[in-house]
Amino acid sequence: VEVGRLRVVYRSFAMNDVLSSSSVARRRRRVLIVGAGAAGLVSLKEHLEAGNDAVCVEKTSEIGGVFSPRRESSYDGLYLTTSNVYMSFSDFPWPNPKIRYSSKEEYAEYLDLYARHFDLYPKIRFGVEVEDVKRVGRGWIVDGEAYDALVIATGSNSVPKGIDDVAIGFEGTKIHSKDFQNVDPYVGKTVVVVGTGESASDIAADLSQVADVYVWARRPFVI
């Protein structure tokens, strides 16, 4: 193909010829993925497509992580701050092409459709919590079973930071945002929300409908 003075030559080849080459031949690997949230699901799907013997373990009864259909997985009224265009996977576009910011329930439905489309459910073990992991040679021993590779997809915020050193001496009710479900216990009260991250902003906005709310920030921020 010639474009101006630029000449581009295309050469086609059979991908099977490349994959059959001894230089790239590899054995089927046994892979464990821990956590069936969004990252865990896509990891499982990719490893299965690559021909690996992959399985995912999830300690709860549902997929989705913080976007699980289980109400207690995250607070009521959680909305994604990234649109469905960027929160959907490239090989499984959002069913409705209209740009929107989804609720956790809507995103849970999307992840369920994704898992069903790629037939992931048979490879997920629910109600399984990993207790012991050991590195052995180039592989892993997880709860007594051997694996070639291990994917930890439990989420960077699955374990909340301690709040004992926050507001020392405060005698009222003090909770972490992870333990916040809805505004019902705070109707008519005065509430201080410490932080200006996504969860803090969501919670402060919801509380402002039923309580006197103050937001405590380390530095000036833009709403």
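Does Val-128 count as buried, partly exposed or exposed? Val-128 counts as partly exposed because its relative accessibility is 30%; buried means under 20% relative accessible area, exposed over 50%, and partly exposed in between, with a 1.4 Å probe and protein chains only. Please keep in mind that this is a predicted model, where local features need pLDDT of at least 70, side-chain atom pairs count only at pLDDT 80 or more, and totals for chains, interfaces and linings use all residues. Residues are numbered from 1 along each chain as its sequence is written, and side-chain values use heavy atoms, leaving out hydrogens and water.

**The whole protein**
- The protein has five helices and 11 strands (DSSP runs numbered from the N terminus: helices are H or I with at least four residues, strands are E with at least two).
- Of the 223 residues in the protein, 28% are buried.
- Among contacts (heavy atoms within 4.5 Å) with a separation of 6 or more, 48% join residues 24 or more positions apart.

**Around Val-128**
- You will find Val-128 in the loop between strand E5 (124–126) and strand E6 (133–136).
- Setting aside neighbours within four places in sequence, Val-128 is in contact with Val-57, Glu-58 and Lys-59.
- Lys-59 lies 69 residues from Val-128 along the chain, yet their C-alpha atoms are separated by 4.5 Å.

**Around Ser-43**
- Ser-43 sits in helix H2 (residues 38–49).
- Ser-43 counts as buried because its relative accessibility is 18%.
- Not counting residues up to four places away in sequence, Ser-43 touches Ile-33 and Val-151.
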